[in-house]
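Good morning, colleagues. I would ask you to look at the structure on the screen while I take you through it.

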Amino acid sequence: MLSRGLARVKALPRAFRAAYLGAMLDADVLVIGGGVAGTAAALAAADGGARVALVRRGPGASALAAGAWIGEPPAAFRTALAAAGLDLERTPAPLPLADGRVLPFDMAPPSHAAAALPDDDGAVLVCGIAGLPGFRPHALVRLWHATRPRGLTLRSASLLLPATPAAGWAAASLAARIEHDPMLLFEPVQRALDEHDCSRAVLPAVLGLHGHPHAWETLRSAGLRVSEAVGGTPSIPGWRLDGALLTALRQAGIQVVAGRARGYRRGGGGEHTVVIEETGGQSVTMSATALVLATGSFVGGGIKAKPALTETVMGLPVHATAAGRHFRDPGDALALTVHERTGRQPLLAAGVMEADADEAGVFIAGAVRSDSGAMAGTGGRSDVGVPIDAGGRGDAGSRSGLGHAAADGWRAGLAAAEGS
Ligand SMILES: Cc1cc2nc3c(=O)[nH]c(=O)nc-3n(C[C@H](O)[C@H](O)[C@H](O)COP(=O)(O)OP(=O)(O)OC[C@H]3O[C@@H](n4cnc5c(N)ncnc54)[C@H](O)[C@@H]3O)c2cc1C
């Protein structure tokens, strides 16, 4: 919506005035960040009756996620995702990851949930695809065996698909090819199952790209018991999730601005004003009564470590915990790194606290939140920092993860709609 009066423009610093010359838009609730937390916040605020706009500079950590969800997202958010083509269901047993681990998750799309490894499910065939790097069935059988109880038999095979390119497959092009023609897999997988006397197969996560469930459902309804391991590089499940987030926003009629929020100001009338550098290079200014900051952590862009730990949009203080001590504005990032640790570093959990967004009407959601404060609405620690361990993947043992970020976003969106 255009215009809010010249008087306000004059009251702004020069950089903001210039941006106003581009365009001025407003909303009741402005969400900065379009990962799982920001999308949940925008959907919740729209659900609460607010006029919502969301700005995102690109995909964040959500688009790197391995496919299965740590934490359970709110039911209404799941419904929106399902309408956007991404169903989630509870996982019946730990799920196998393409990096060799087997971890418990809370929820997953059915194609991943079907890969669950209970301890008594007969013989499972782990199928690699010739020419596709990063998924080694023989090694995976050994690694997955190491963490699974006796009673489950794992065997391995490598499938040679028709029309395999001489240079091999890229995961995305193979996923797109399978989406276009799912039955391409039917005969090779069925033959391998028969040869190895197995009842079901676990493949890398390549069963479709945009219209993800289509390939899996086609093969299942043809009678083939296939499933997908969690993860893989690049993350096809993350790509699917990001597509579903954008579709859900579109379906809810939420205005999405592609660009980077690079300046924040609180106006005299109490409104929040944000300067956005659009992807095309033009600047726009957005005003809103309530603001949700859901910019993610280091990977998403909400926190940067150089030259010091910094929150990137509003300049909020960053909190971190190291060696059992809590730091506000810890300054030099490296000083807090525990050098001898190979596991999750305290810095990776650094973030901002809602209490520091002292202007009323600013809500913090998702991985940008510090894990050092109480998290409203959950009654517990705010622990939605990016859960990276040494392997750079989600740590299913922590309270971090997609589901927690979505729940936090939903809470923030509802509160923002109420406050707007
Ligand atoms: C490699 C990896 C694998 C993971 N795997 C899993 C997994 O398997 N399961 C699981 O549950 N969790 C996993 N996680 C954790 C999970 O991805 C995060 O908890 C979750 O994505 C956080 O969501 P978010 O919306 O808070 O942040 P993000 O998804 O990072 O979103 C941040 C958004 O803010 C935008 N943004 C940032 N700055 C600006 C700006 N100035 N202006 C405009 N937009 C901006 C970004 O472009 C992005 O859209 C993984 C994390 C990583 C890093």
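I shall speak about the surroundings of the ligand and then about a pair of helices. Please bear in mind that this is a predicted model.

Let me begin with the ligand. There are 40 residues around the ligand, and those that come nearest are Gly 58, Ser 62, Ala 68, Ala 367 and Leu 402. By class, this shell comprises 21 nonpolar, 16 polar and three charged residues.

For Ala 294, a backbone N or O atom lies 3.5 Å from an oxygen atom of the ligand. Thr 295 likewise has a polar backbone atom 3.5 Å from a ligand oxygen. How much of the ligand does the protein bury? Taken alone, the ligand exposes 1000 Å², of which 97% is buried by the protein.

Two or more residues of the shell come from each of H3, strand S2 (52-56), strand S11 (255-266) and H11. Of these, S11 gives the most, with three residues.

The axes of H3, residues 36-47, and H11, residues 402-419, come within 7 Å and cross at roughly 35 degrees. Their crossing is right-handed. On the H3 side the contact includes Val 36, Ala 40 and Leu 43, and on the H11 side it includes Leu 402, Gly 409 and Trp 410. In this contact, 13 residues are nonpolar, two are polar and one is charged.

Methods
Residues numbered from 1 in each chain as written. Predicted model: local features only at pLDDT ≥ 70, side-chain atom pairs only at ≥ 80, totals over all residues. Heavy atoms only, no water. Axes fitted to C-alpha atoms, helices over the stretch in contact; angles between N-to-C directions. Helix = DSSP H or I, 4+ residues; strand = E, 2+ residues; numbered from the N terminus. Left-handed = near helix turned anticlockwise from the far one by under 90°. Contact = heavy atoms within 4.5 Å. Nonpolar A, V, L, I, M, F, W, Y, C, P; charged D, E, K, R; others polar. Near = heavy atom within 4 Å. Polar contact = N/O pair within 3.5 Å; in protein donor to acceptor, adjacent residues only side chain to side chain. Areas by Shrake-Rupley, 256 points an atom, 1.4 Å probe, with all protein chains shown as cover.
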